[in-house]
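Subject: Structure handover

Hello,

Here is the structure we talked about. Please open it alongside this note; my findings follow below.

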Amino acid sequence: MADGSRQTVAVGVDLGGTTFNVGVVAPDGTLVAEQSYDTPHSGNEPAALLAVASAVGGIMEQAAIKPEQLLGIGAGIPGPVDPEAGIIKQAPNMHELDGMNAVEILSAETGAKVHIANDAFCATLAELRYGAGRDVENMVMFTLGTGVGGGIALDNQVRRGPRQIMGEVGHIVVEPNGRRCGCGNHGCLEAMVGRDGMVDQAVRLLEQGIPSVLAERGGARHEKLTPKMISEAAQEGDEVALRVMNTSGHYLGVALCSCIVLTDPDLIVLGGGIAAAGDVLFEPIRRTVRHRSIISGYDTSRIVPAELGNAAGMIGAAALVFDAQK
Ligand SMILES: [Zn+2]
């Protein structure tokens with residue numbers, strides 16, 4: 001653009017129960033400015049949404065963006081939403097927002113056009129438009145964290161389906177008699193390889209007396225164990241940690257085999273903290289896909305880490321705004 005100061009931008013918001021991030025994003029996906037804030041909570045008031053609105057004003061001022069340059073605001077919500085109606089259906093750790101019309105509240109406070117989507121949808125959209133998936137049109141993304149989220153892109157669009165369930169890859173059953181999942185079912189991918197699932201796997205191995213650096217790092221009752229600790233120990237060659245990564249990689253691979261035959265993806269992208277573990281996780285995933293997706297002959301070099309890291313939430317939320325312009 002000839003005059004950079006007049007360039008149009010979108011603001012992307014990544015809302016979480018503890019903190020939220022707000023970023024000014026250019027149409028090419030560049031994060032021009034960003035800021036992180038604590039998420040306020042107060043009874044039945046939409047305190048978090050009011051704080052978001054005020055943070056949007058603050059960051060526009062900080063980045064010297066005039067109101068007429070702002071195309072709109074996109075917000076990623078950590079839970080199911082109705083994007084058409086603008087309603088947050090359920091916000092874990094922020095139940096005061098359940099049922100609230102975030103689009104109405106944020107529009108009224110900021111005067112801007114507002115779009116919302118589920119946070120995993122935003123992360124998938126960010127990687128599809130600007131990250132690992134920018135050269136493909138069909139992509140599956142898994143986000144690995146406390147829970148397991150994801151998204152499915154077909155023909156260059158992230159899809160959620162009429163009931164907003166498409167891409168809920170964390171609830172693919174990978175072990176029919178496995179751990180109980182937060183959704184009420186047993187053996188969902190999220191139950192097996194989400195935070196609690198990975199920690200449980202490690203505790204079980206430690207209780208068998210297998211020597212491990214995790215025995216000391218995890219505390220007397222293993223109460224300090226985290227997936228990050230496990231993935232770091234795996235990179236150091238720790239046997240217990242490596243076995244957890246192998247089992248987790250196996251379950252992820254099994255879930256990916258289902259995604260491959262259902263969506264025929266050009267690329268599979270893995271994001272979230274544990275995806276940074278590298279080969280100790282990717283090798284068992286690729287091995288499982290090679291052995292278990294015989295029909296597809298899937299090229300496992302097309303299973304890759306996400307590129308945008310934590311910024312994906314903000315960038316993807318802003319991409320909701322840019323997509324709406326098309
Ligand atoms: Zn489940």
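What share of the contacts in the protein chain with a separation of 6 or more comes from residues 24 or more positions apart? The share is 62%. Please keep in mind that this is a predicted model.

Overall build

The protein chain has twelve strands and ten helices. Its radius of gyration is 20 Å. The globule rule gives 20 Å for 326 residues, so the chain is as compact as a globular protein of that length. Along the principal axes, the C-alpha atoms fill a box of roughly 60 × 45 × 35 Å. Of the 326 residues, 47% count as buried.

One helix pair

Two packed helices are described by the angle between their axes and the distance between the axes. Take α5 and α8 here. Helix α5 covers residues 195-207, and helix α8 covers residues 239-263. They pack at an angle of about 135°, and their axes lie 9 Å apart. The crossing of the two helices is right-handed.

Which residues of α5 and α8 meet? From α5 come M198, Q201, A202, L205 and L206. From α8 come V240, R243, V244, T247 and S248. The residues of this contact divide into six nonpolar, three polar and one charged.

Best wishes

Methods:
Residues are numbered from 1 along each chain as its sequence is written. This is a predicted model: local features need pLDDT of at least 70, side-chain atom pairs count only at pLDDT 80 or more; totals for chains, interfaces and linings use all residues. Helices (H or I, at least four residues) and strands (E, at least two) are DSSP runs, numbered from the N terminus. The radius of gyration is taken over C-alpha atoms; the globule rule is 2.2 Å times the number of residues to the power 0.38. A residue is buried if 20 or more other C-beta atoms lie within 10 Å of its own, exposed if 12 or fewer, and partly exposed in between; C-beta atoms are placed from the backbone. Two residues are in contact if their C-beta atoms, placed from the backbone, lie within 7 Å. Axes are lines fitted to C-alpha atoms, for helices over the stretch in contact, and angles run from 0 to 180 degrees between N-to-C directions. A crossing is left-handed if the near helix is turned anticlockwise from the far one by less than a right angle, and right-handed if clockwise. Ala, Val, Leu, Ile, Met, Phe, Trp, Tyr, Cys and Pro count as nonpolar, Asp, Glu, Lys and Arg as charged, and the others, Gly among them, as polar.
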